[in-house]
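Here is a short briefing to read with the model open beside you. Take the topics in any order you like.

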Amino acid sequence: MERIVLFDGECNFCDQSVQFIIKRDPKGNIKFASLQSVIGKELLNKYNAPEGIDSFVLIEDNNCYYKSSAALRVCKNLRGIWKMPYVLLVIPKPIRDFFYGLIAKNRYKWFGTKEKCMLPSSDERKRFLS
């Protein structure tokens with residue numbers, strides 16, 4: 001089963017989130033692409049994502065999840081205690097997405113934007129779609 005996370009490649013918080021996932025997914029089950037990349041745009045189109053989406057996106061089992069649903073579903077696939085936030089999916093989506101939206105709306109202000117891309121190791125590079 002393929003899992004792909006689409007993330008905002010210009011966002012420091014999003015980049016740190018990708019690094020967090022990589023460290024807690026040592027088997028490399030989750031692949032990555034930025035929303036701004038050609039493959040990212042193709043995947044958004046393929047899964048009929050809302051126009052102009054700039055949210056964290058998870059593609060899993062031929063389904064596309066956005067915002068808090070995507071983030072919490074990723075947690076299910078991490079090792080250790082990081083699986084626990086997955087249970088928060090029982091909270092109604094509008095409530096979860098309200099809090100997700102507060103962070104998303106302020107992510108550039110609070111965490112800044114990237115001037116340069118990170119240089120992943122050769123093992124990490126295999127996990128990024130291009």
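Lys67 is found in helix α3, where helices (H or I, at least four residues) and strands (E, at least two) are DSSP runs numbered from the N terminus. Lys67 has a positive phi of about 50° although it is not a glycine. With a relative accessible area of 36%, Lys67 is partly exposed; buried means under 20% relative accessible area, exposed over 50%, and partly exposed in between (1.4 Å probe, protein chains only).

This is a predicted model, in which local features need pLDDT of at least 70 and side-chain atom pairs count only at pLDDT 80 or more, while totals for chains, interfaces and linings use all residues. Residues are numbered from 1 along each chain as its sequence is written, and side-chain values use heavy atoms, with hydrogens and water left out.

**Backbone: positive phi**
- Most residues other than glycine have a negative phi.
- Asn62 is another residue to look at: its phi is near 60°, a positive value in a residue other than glycine.
- Asn62 is found in the loop between β3 (57-60) and β4 (63-66), and at 62% relative accessibility it counts as exposed.

**Helix packing: α3 and α4**
- Helix α3 (residues 67-76) packs against helix α4 (residues 93-111) at an angle of about 90°, with the axes 8 Å apart; axes are lines fitted to C-alpha atoms, for helices over the stretch in contact, and angles run from 0 to 180 degrees between N-to-C directions.
- That angle makes α3 roughly perpendicular to α4, on a scale where under 35 degrees is roughly parallel, over 145 roughly antiparallel, 65 to 115 roughly perpendicular and the rest oblique.
- On the α3 side the contact is made by Lys67, Ser68, Ser69 and Leu72, and on the α4 side by Lys93, Arg96, Asp97 and Tyr100; contact means heavy atoms within 4.5 Å.
- By class, this contact has two nonpolar, two polar and four charged residues (Ala, Val, Leu, Ile, Met, Phe, Trp, Tyr, Cys and Pro count as nonpolar, Asp, Glu, Lys and Arg as charged, and the others, Gly among them, as polar).
- Ser68, in helix α3, is buried with a relative accessible area of 6%.
- Leaving aside neighbours within four places in sequence, Ser68 is in contact with Arg96, Asp97 and Tyr100.

**Aromatic rings**
- The structure holds five aromatic pairs; rings of Phe, Tyr and Trp (its six-membered ring) pair if their centres lie within 6.5 Å, with planes under 30 degrees apart counted as stacked, over 60 as edge-to-face and the rest as tilted.
- One of them joins Phe20 and Trp82 edge-to-face, at 4.8 Å centre to centre and 85° between the planes.
- This pair links distant parts of the chain, with Phe20 in helix α1 (residues 12-24) and Trp82 in the loop between α3 and α4, 62 residues apart.
- Phe20 is partly exposed at 27% relative accessible area, and Trp82 is partly exposed at 36%.
- Phe98 and Phe99 also pair edge-to-face, 5.1 Å centre to centre with 85° between the planes.
- Phe7, Phe32 and Phe128 form one aromatic cluster.

**Ile22**
- Ile22 is found in helix α1 and counts as buried at 9% relative accessibility.
- Not counting residues up to four places away in sequence, Ile22 touches Phe32, Glu124, Arg127 and Phe128.
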